[in-house]
Amino acid sequence: MTSPFVPADFDPPTSLVGDGFYLEPLGPQHNDADHAAWTSSIDHIRSTPGYPDGNWPPADGMTLKRNYADLLRHEDDFEQRKGFTFTVRDPADDDVIGCVYLYPTKSDEHDVTMQSWVRASKAELDGPLADAVFAWLAADWPWERVDRCGR
């Protein structure tokens, strides 16, 4: 039997505030803004460390309906404690500017895989966001061996 992704008595944090961004759980309420964020930055995201397979985001994009279904899946993963996806928002206008994904790893060397992306127009936040999330995981989450996906 495999161990759960997080301990049964662990209460997952639902927010992180950083310099120029804040995180909250991703859900279907973010559909329009999330879709606009990643579709405006496909090439930038595909060049971000952690997205080496070239499969995401889809080069041809996807419909709002399909994006909505994807957000429902992420919301369900969060509720089921199988993975934790956060939308990254701009505190100046609350617009969606990226995402953070925390999912089980396929590696025996790590406890969690951490991936993140930001809009091309907010590229300067790529490194600071990844560093802030890594520090947050060390301080407030139960994992010790984080795969930062090349960051």
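# Reading the model, feature by feature

User: How do I read a salt bridge, and which residue forms one with Asp77?
Analyst: Lys82 forms the salt bridge with Asp77, the closest N and O atoms being 3.8 Å apart. The rule asks for a side-chain nitrogen of Lys or Arg within 4 Å of a carboxyl oxygen of Asp or Glu. By that rule the count comes to 9 salt bridges. One caution: this is a predicted model, where local features need pLDDT of at least 70, side-chain atom pairs count only at pLDDT 80 or more, and totals for chains, interfaces and linings use all residues. Residues are numbered from 1 along each chain as its sequence is written, and side-chain values use heavy atoms, with hydrogens and water left out.

User: Where do Asp95 and Arg119 lie?
Analyst: Start with the pair itself. Asp95 and Arg119 form a salt bridge, with the closest N and O atoms 3.5 Å apart. Asp95 lies in the loop between strand 3 and strand 4, and Arg119 in the loop between strand 5 and helix 4, so the pair ties together parts 24 residues apart in sequence. Helices (H or I, at least four residues) and strands (E, at least two) are DSSP runs, numbered from the N terminus. Asp95 is partly exposed at 29%. Arg119 is buried at 13%.

User: Which residue forms a salt bridge with Arg151?
Analyst: Asp126 does, and the closest N and O atoms are 3.9 Å apart. Arg151 lies in the segment after strand 6 (146-147) and Asp126 in helix 4, so this pair ties together parts 25 residues apart in sequence. Arg151 is partly exposed, with a relative accessible area of 24%. Asp126 is buried, at 13%. Salt bridges can also share partners: Asp70, Arg73, Asp77 and Lys82 are joined into one network that way.

User: Which residues of helix 4 are buried?
Analyst: First, the general idea. An α-helix has 3.6 residues a turn, so residues three or four places apart point the same way. In helix 4 the buried residues are Asp126, Leu129, Ala130, Val133, Trp136 and Leu137. Seen down the helix axis they fall within an arc of 125°, so they line one face of helix 4. The arc is that of the directions from the axis to the C-beta atoms. The face turned away from the buried side carries the exposed residues Ala138 and Ala139.

User: What span should helix 4 have?
Analyst: The expected span is 1.5 Å times one less than the number of residues. Helix 4 has 15 residues and should span 21 Å; its end C-alpha atoms are 21 Å apart, which agrees.

User: How do I read the sheet, and what is the order of its strands?
Analyst: Strands of a sheet pair through backbone hydrogen bonds, either parallel or antiparallel. Here two strands pair if DSSP finds at least two bridges between them. This open sheet of 6 strands has the order 1-2-3-4-5-6, with mixed pairing. Strand 1 and strand 6 are the edge strands, each pairing on one side only.

User: How many bridges join strand 4 to strand 5?
Analyst: There are 6, and the two strands run antiparallel. Tyr101 stands opposite Gln115 in strand 5. Strand 3 and strand 4 also pair in the antiparallel sense, over 6 bridges. Val88 has Gly98 of strand 4 as its bridge partner. These two strands form a hairpin with 6 residues between them, and Asp94 in the turn has a positive phi of about 65°. Strand 4 is mostly covered: 8 of its 8 residues are buried. Strand 2 and strand 3 are antiparallel too, over 4 bridges. Glu24 is partnered by Thr87 in strand 3.

User: What is a nonpolar core, and which members of the largest one touch the most others?
Analyst: A nonpolar core is a set of buried Ala, Val, Leu, Ile, Met, Phe, Trp, Tyr and Cys residues joined through side-chain atoms within 4.5 Å. The largest has 25 residues; Leu23, Phe84, Phe86, Leu102, Val133, Trp141 and Trp143 touch the most other members. Strand 2 (21-25), strand 3 (84-89), strand 4 (96-103), strand 5 (112-118) and helix 4 (126-140) each supply at least two residues of this core. Helix 4 gives the largest share, 5 residues. Apart from this core lies another, of 13 residues, among them Ala37, Ile42, Leu71 and Tyr103.

User: Which residues is Trp141 in contact with, leaving aside its neighbours within four places in sequence?
Analyst: Contact means heavy atoms within 4.5 Å. With those neighbours set aside, Trp141 is in contact with Phe10, Pro12, Pro13, Phe84, Phe86, Leu102 and Trp136.

Key:
Buried < 20%, exposed > 50% of the residue type's maximum accessible area, 1.4 Å probe, protein only.
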